[in-house]
Amino acid sequence: MAEKFIIEPSGPLSGSLEIGGAKNAVLPVLAATMLTGDVCALQNVPTLSDVESMSGLMETLGAKTKWDKQSGILEICTSDIHSHEAAYELVAKLRASFLVMGPLLARFGRAKVPLPGGCAIGSRPVDLHLKGFAALGAEVDNSHGCVTVSAKKLKGAKIYLDFPSVGATENIMMAASLAEGQTILENCAVEPEIVDLANFLNAAGGKIRGAGTDTIKIDGVRAMKATQHSIIPDRIEAGTFMIAAALTRGDVMLTNIMADHVKPVTAKLKEAHIIVDELETGIRVRHDSANEIIAADLKTLPYPGFPTDMQAQFMALMATASGTSIITETVFENRFMQVGELKRMGAEIKIESRSAIVEGVDILTGTQVAASDLRAGAALVLAALRAEGSTEITGIHHIDRGYDRLDEQLNKLGAKIKREQHEV
Ligand code: EPZ
């Protein structure tokens, strides 16, 4: 049965929230547990449907999982992996399933994974992943909508990524962990989730240096072992709540947050006249009653630039800021899916090629809208908090993929969100 949110205007949010584990860190780390062939314990695992999907996929390969959602501890045993083929319907549901390819290739010498199709935000090719596997000596067959990779033994290589792709960096780093010799990965992604994965791999006996810089050196090892690892906080969940506080003109304290990881969002909010204090205990975001929120231009970039995963949420903030903001999306080719629905709520937005021109308006009005993807859905929730009248948001399964009970979390801060069954 599908569900929907019914959201009433919330007034200024206030209170304190603890940030949960990062979706985009736990997904690659889960895949990486297959390199150890043992039992790994992951802490601070968020309750997300994407995590359900990834652990479900790994169970079809033979992994055994025990997930205590109360404590956030997920134990996974990968000693009995018996299949190296991921099922189409599972990969179609979760593109990040493609991250099982590197570990399967490294540990078993083969993997077959359907090409993840495009999604709402873009075509999402995996050519850089495949280039990396081939450079490590794998046979790569990409036909009939499936990728099959095989290798007797992977050999270290020097690989330059045409684009600092997060997924390609992760997949190649995992494959190279058990290769013979050294791999040097250049122009790689530097996101905090890359560092978290490298920390997990090193704790499991890997030899990885330079994660977090644009050159990573991986010295292959013969085998990896069981380990335990705590997932870093989710910087995108944190950024989403920071914008919720700003947009409702509230005063919110966020704890269990790594201030460095949200620096680009903090800087941009300050530019828009929001007060952001980095304290010992966390980050406090509050409205400056002496200064209205003003428009600020934005360009999304790979880390440490402003994250593409925060673009839609920032647009919701600019929709009721004073002035005109130009928002340019440089990472994905179709990531303005929230625009149409924000305009139906009264926002003044015009798309010109890869930029959206947002003319701030005084009020947005509630209506029926549909979430098209994870972050566009989050942006609609944020806009609804401030809109006049009630807003109904359908398609919230997109939101549950990447936010752990977003409605309950926002309601703790004073939002008025009801989750209801929805007749499709
Ligand atoms: C990761 O996706 C994240 N997902 C995305 O978060 C995030 O938006 C993205 O990184 C960028 O930060 C996970 O970590 C599970 P990319 P990924 O490879 O790895 C092109 C969310 O909302 N590209 O860095 O797929 C690609 O088309 C999600 O939480 C190639 O051309 O991102 C895109 O334009 C959405 N060839 C750009 O690189 C390749 O082989 C960035 O993609 C790979 C990527």
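A residue is called buried when its relative accessible area is under 20%, exposed when that area is over 50%, and partly exposed in between, using a 1.4 Å probe and the protein chains only. The model on your screen is predicted, so local features need a pLDDT of at least 70 and side-chain atom pairs count only at pLDDT 80 or more, while totals for chains, interfaces and linings use all residues. Residues are numbered from 1 along each chain as its sequence is written, and side-chain values use heavy atoms, with hydrogens and water left out.

**The whole chain**

Along its principal axes the C-alpha trace spans about 65 × 45 × 40 Å, and 57% of the 424 residues count as buried.

**Helix 2**

Next, select residues 49-61, which form helix 2, and you will find 13 residues reaching 19 Å from the first C-alpha to the last, close to the 18 Å expected at 1.5 Å a residue. The expected span is 1.5 Å times one less than the number of residues. Among its buried residues are Val 51, Met 54, Leu 57 and Leu 61. The buried residues of helix 2 pack against several elements, including helix 1 (23-32), strand 4 (64-68) and helix 13 (397-402). Then click on Gly 62, which follows helix 2 and has a positive phi, near 120°.

**His 84**

Move on to His 84, in the loop between strand 5 and helix 3. Is His 84 buried or exposed? His 84 is buried, with a relative accessible area of 18%. Leaving aside neighbours within four places in sequence, His 84 is in contact (heavy atoms within 4.5 Å) with Leu 61, Leu 104, Phe 108, Arg 110, Ala 111 and Lys 112.

**Helix 7**

Finally, select residues 192-203, the 12 residues of helix 7, whose end C-alpha atoms are 17 Å apart, in agreement with the 16 Å they should span at 1.5 Å a residue. Colour Pro 192, Glu 193, Ile 194, Asp 196, Leu 197, Ala 198, Phe 200 and Leu 201, which are buried. Just after helix 7, Gly 205 takes a positive phi of about 105°.

Note on methods: Helix = DSSP H or I, 4+ residues; strand = E, 2+ residues; numbered from the N terminus.
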